[in-house]
Amino acid sequence: MADKDELALCLRMLEHQGIIDYNGHASIRCDAGMLINVGSSQRSRLTADDICLIDLDGNLIEGKGKPPLEFHLHAGIYKARPDVGAIVHAHPQWSTYLTMTGHDYSPVFAQGTLVHPVPVLDTPDSINSPEMSAKLGAVMNDRPAALMKSHGAVTVGADIAEAFVLITYLEENARRQYMALQIGTPYAFSAAEIEVARTKLYTPSLFSRTWDHFAAKLEDA
């Protein structure tokens, strides 16, 4: 699958799950800079035509529209982290509830351990400048995910499948944590249990399986 088609599919799957809505964006690193969805695009109907190519300063190289205002989030991470090949930024419901109420993200199911611990940027401001991107980068450091207080989440990966799967796992973990909090204190995985889960689950083959699961659900919708 071509990078533009893969990126468009990723965003449609995220919209179908409710992880993004009329906002949210994802990108793939490339030689010229990054591929990213056009800011004005309809996320539920994204195609390769809604993907633009920009350099890391936000200059449009190819495409039919402008990048999202928060392209700085992506550019800052790519500049600082050569290990990152793709990024997802969204405003998911359940994980944002945690940051709105001061609850730390707690690993309550196996897949949720893959991003734990999840640092939190202590501001709801948009990441729409190099300065804000630098603040996020300092908080995120070398982690695969971060949350932003009353704002959203970001995940990174070696490729778009990994970034997609990690934000899916993060949000499902947050949903389970939230629901468990309604009836008691959620069980959190121990350090030893986290290590076992990561060894089993942090693999490209399982990321691919999870991607295919959600792609099939989208086709059946």
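Hi everyone, let me start with Phe207, which counts as buried because its relative accessibility is 4% (buried is under 20% relative accessible area, exposed over 50%, partly exposed in between, with a 1.4 Å probe and protein chains only). This is a predicted model, where local features need pLDDT of at least 70, side-chain atom pairs count only at pLDDT 80 or more, and totals for chains, interfaces and linings use all residues. Residues are numbered from 1 along each chain as its sequence is written, and side-chain values use heavy atoms, leaving out hydrogens and water.

Now the aromatic rings. Rings of Phe, Tyr and Trp (its six-membered ring) pair if their centres lie within 6.5 Å; planes under 30 degrees apart are stacked, over 60 edge-to-face, and the rest tilted. That rule gives 7 aromatic pairs. In one of them, Tyr97 and Tyr178 have ring centres 5.4 Å apart and planes at 40°, so this pair is tilted. Tyr97 sits in helix H3 (residues 93–101) and Tyr178 in helix H5 (residues 160–181), so the pair ties together parts 81 residues apart in sequence. Helices here are DSSP runs of H or I with at least four residues, strands are E runs of at least two, and both are numbered from the N terminus. Tyr97 is partly exposed at 27% relative accessibility, and Tyr178 is partly exposed at 29%. Back to Phe207: its ring centre is 5.3 Å from that of Tyr202, with the planes at 70°, so that pair is edge-to-face. Tyr202 is partly exposed, at 31%. Ring pairs also link Trp94, Tyr97 and Tyr178 into a cluster.
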